[in-house]
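Hello,

Here is the structure I promised to pass on. My notes follow below it.

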Amino acid sequence: MINSIFFDELYKQFSWYDSVFTPVVKNCSNEFFYEGFEYKLASVSTNMNVLAQNETFFVTKVKINAKNDVYIRISQNAINVVLDKVLGKNNKRFDLTEVSELEARIITAFNDFLYESLAPNFTIEPNRRYNEILHLTYFVKSEISDSAAKFIISVPKDILTPCEKEAKTPKFTDMDFAHSPVEVNLLLGTTVFPLAEIKKLDIGDIVLFENSNSSEMTLICENIIQKFRIKPNEKIIEPYDMSGGNEMDNANTNLWDSIQVDMSAEFDKVKLTLGELKSIEEGLIVDLCSVYDNKVSLKVGGKTVAAGELVIINDRFGVRIENVSSKEEASGEALEENTIEETEETREEDFDYSDFEVEENSEDA
């Protein structure tokens, strides 16, 4: 089993070396050679890792006390990357086996300059022998490089003294944004409804949502779905006797008319404050009186079939219809020709079976 604490500690160490050494390396390169080189810390290791194998390096040794040295190794390919950037691409590649005295002095001068820039991060005891060596392997490239090349900084591990920084107090807390608004959907409930009755929906009708509770709503915000308790608004309680009422006449209905579909009721993109969302997250009962004034949409299969005002009947949510969607609104597509003016006579045809992807078999008609 992988020890996540161990890897967290390694990540922190690597991040420290990267934040301390990489800016120094880049600034030295910009000042000594040319701007525009990219440096990436690839490895921090106490062993001469495999990244250094099969490479030819120019090595500069810098004595730090009587018993220890720091080594800076620049690969032959890294020197070619630098030369291509500074002098332009050349068919003749730099070869360390044929390095001139002047070239060696230039490379050594850069390595010494790099060490002097890194030295303020070292804590060195004059007569102490340091046994464990830490190797920091970098990749260097430029926009004209065909590939990245390596150089390695090798220092005694114990001369590095990473400092732990205390976590700063957050400048902001959650409640500093309590009054900031965010758009959410509020689902009130669902019910099943016969297709035949959907076609007969009219202004003034009340649709009761059996799967609802006047003390509860469901919040939908991006990938968050959260039920929460609310304080019911007494102003919208409708005195209504659900024990009576006319039942649907089944005498002249066919198979498709009797099909029951799921209908939901929800507010369209209501703005709540982050403070209210925080209260919802903490399980508090939320007062949403201002929300009740918004119109509620009735949806079937993602299509809005009607809209109206919210009412409460026998501790369940209902909707008093104020607008019945036309076929164009329900499907989201305009008719290509012969626009039909909505009248009492044509409304019954607004929601035919094709609205809900149900086709009548001609043989059964």
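Y39 is buried, as its relative accessible area is 10%. Buried here means under 20% relative accessible area, exposed means over 50%, and partly exposed is in between (1.4 Å probe, protein chains only). F151 is buried too, at 5%.

Before the rest, the ground rules. This is a predicted model, so local features need pLDDT of at least 70 and side-chain atom pairs count only at pLDDT 80 or more, while totals for chains, interfaces and linings use all residues. Residues are numbered from 1 along each chain as its sequence is written, and side-chain values use heavy atoms, with hydrogens and water left out.

Aromatic rings

The count is 10 aromatic pairs. Rings of Phe, Tyr and Trp (its six-membered ring) pair if their centres lie within 6.5 Å; planes under 30 degrees apart are stacked, over 60 edge-to-face, and the rest tilted. W16 and Y17 make an edge-to-face pair, with 5.2 Å centre to centre and 75° between the planes. Both W16 and Y17 are buried. For Y39 and F151 the ring centres are 5.9 Å apart and the planes stand at 85°, so this pair is edge-to-face. Y39 sits in strand 1 and F151 in strand 5, so the pair ties together parts 112 residues apart in sequence. Helices (H or I, at least four residues) and strands (E, at least two) are DSSP runs, numbered from the N terminus. There is also a cluster: ring pairs link W16, Y17, F21, Y115 and F122.

An open sheet has 5 strands in the order 1-4-5-3-2, with antiparallel pairing. Two strands pair if DSSP finds at least two bridges between them. Strand 1 (38-45) and strand 2 (57-63) are at the edges, each with a single partner strand, so one side of each lacks a neighbour in the sheet. On average, neighbouring strands of this sheet are turned by 20° against each other, direction ignored. Axes are lines fitted to C-alpha atoms, for helices over the stretch in contact, and angles run from 0 to 180 degrees between N-to-C directions.

Strand 3 (residues 69-75) and strand 5 (residues 149-156) run antiparallel and are joined by 4 bridges. I74 stands opposite F151 in strand 5. Helix 2 (residues 76-87) packs on the sheet and touches strand 2, strand 3, strand 4 (133-141) and strand 5. Contact means heavy atoms within 4.5 Å. The direction of helix 2 makes about 65° with that of strand 3. Helix 3 (residues 101-118) also packs on the sheet, touching strand 2, strand 3 and strand 5, and its direction makes about 50° with that of strand 2.

Salt bridges

The count is 11 salt bridges. The rule is a side-chain nitrogen of Lys or Arg within 4 Å of a carboxyl oxygen of Asp or Glu. R316 bridges to E210, with the closest N and O atoms 3.7 Å apart. R316 lies in strand 14 (residues 316-324) and E210 in the loop between strand 7 (206-208) and strand 8 (211-212), so the pair ties together parts 106 residues apart in sequence. E322 pairs with K295, and here the closest N and O atoms are 2.7 Å apart. E322 is in strand 14 and K295 in the loop between helix 5 (274-281) and strand 12 (296-300), 27 residues apart. E125, R128 and D158 are linked in a salt-bridge network.

Cysteines

How many disulfides does a search of the whole structure find? It finds 0, taking a disulfide as a pair of cysteine sulfur atoms within 2.5 Å. C28 is buried, at 3%. C221 is buried as well, at 13%.

Best wishes
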